[in-house]
Amino acid sequence: MGAKSAIAATLQLFFIFACFLVGLFFVCFPYLPQLQNQVSHIFSAPFETCTHIGVGILGLTVVLTLAFYVLHRGSYVVIQMGGQSKAHLHRTIIQKAVEACLSSKFPQKMHLKQLEIGPKEHLDFTVTLTPQGAALGEALYLQVEEELNLLLKERFGYSKPFHLIVQEVASKSLEPF
């Protein structure tokens with residue numbers, strides 16, 4: 001999971017937690033007479049309305065939780081590829097080179113979604129696979145391994161193993177970022 005994904009997931013979790021607390025407040029409000037007296041000038045509606053508002057917000061929280069889960073659920077394949085060597089890696093340069101390689105060698109089949117450089121300069125490539133690419137299966141992965149090995153070795157002197165994380169996409173129109 002990249003930094004962007006982690007931040008987005010944290011914000012979604014915070015939003016769901018905030019919705020849950022607001023819903024819980026409105027459900028509990030009719031049962032807290034001291035609080036009712038203090039904020040009675042704010043809420044002019046009957047207190048039963050608060051219960052309906054709270055239940056509605058709690059329902060919205062459940063729906064959002066399920067929607068975020070379905071949104072981030074996906075099928076991933078991690079394939080270790082490559083050999084051994086040492087090289088200093090610069091993320092942006094490698095990302096642009098791999099994007100260019102995939103778009104020229106595998107157009108309409110696979111696009112680079114994310115590049116992560118882990119500990120000890122370990123590379124993780126997350127790619128999106130189009131329906132045309134999914135139909136090719138293992139043959140496509142072998143071609144990608146060969147092309148990426150060649151590119152990384154010739155251009156960056158990198159021959160360590162790397163991971164190819166494949167995410168299938170149902171959409172036919174894909175744009176690399």
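User: What is the mean pLDDT of the protein chain?

Analyst: The mean is 76, and 79% of the residues reach 70 or more. The scale is the predictor's confidence in each residue, from 0 to 100. Over residues 172-177 the pLDDT is below 50. Where pLDDT is low, the predicted coordinates should not be read in detail.

User: What makes strands E2 and E3 a pair?

Analyst: Two strands pair if DSSP finds at least two bridges between them. E2 (residues 110-117) and E3 (residues 123-129) have seven, in the antiparallel sense. Ile 117 stands opposite Leu 123. In the hairpin, Lys 120 takes a positive phi near 55°. E3 also pairs with E4, in the parallel sense, over seven bridges. There, Val 127 has Val 166 as its bridge partner.

User: Why is E4 called largely enclosed?

Analyst: Buried means under 20% relative accessible area, exposed over 50%, partly exposed in between (1.4 Å probe, protein chains only). Six of the eight residues of E4 are buried, so the rest of the structure largely encloses this strand.

User: Which residues have the most contacts inside the largest nonpolar core?

Analyst: They are Val 98, Leu 102, Met 110, Phe 125, Val 144 and Leu 152, in a core of 24 residues. Helix H6 gives the largest share, seven residues. A core is a set of buried Ala, Val, Leu, Ile, Met, Phe, Trp, Tyr and Cys residues joined through side-chain atoms within 4.5 Å.

User: Why is the pair of Phe 25 and Phe 26 called edge-to-face?

Analyst: Rings of Phe, Tyr and Trp (its six-membered ring) pair if their centres lie within 6.5 Å; planes under 30 degrees apart count as stacked, over 60 as edge-to-face and the rest as tilted. The centres of Phe 25 and Phe 26 are 5.4 Å apart and the planes stand at 75°, so this pair is edge-to-face. Phe 25 and Phe 29 have centres 5.5 Å apart and planes at 45°, so that pair is tilted.

Definitions and conventions: Residues are numbered from 1 along each chain as its sequence is written. This is a predicted model: local features need pLDDT of at least 70, side-chain atom pairs count only at pLDDT 80 or more; totals for chains, interfaces and linings use all residues. Side-chain values use heavy atoms; hydrogens and water are left out. Contact means heavy atoms within 4.5 Å. Helices (H or I, at least four residues) and strands (E, at least two) are DSSP runs, numbered from the N terminus.
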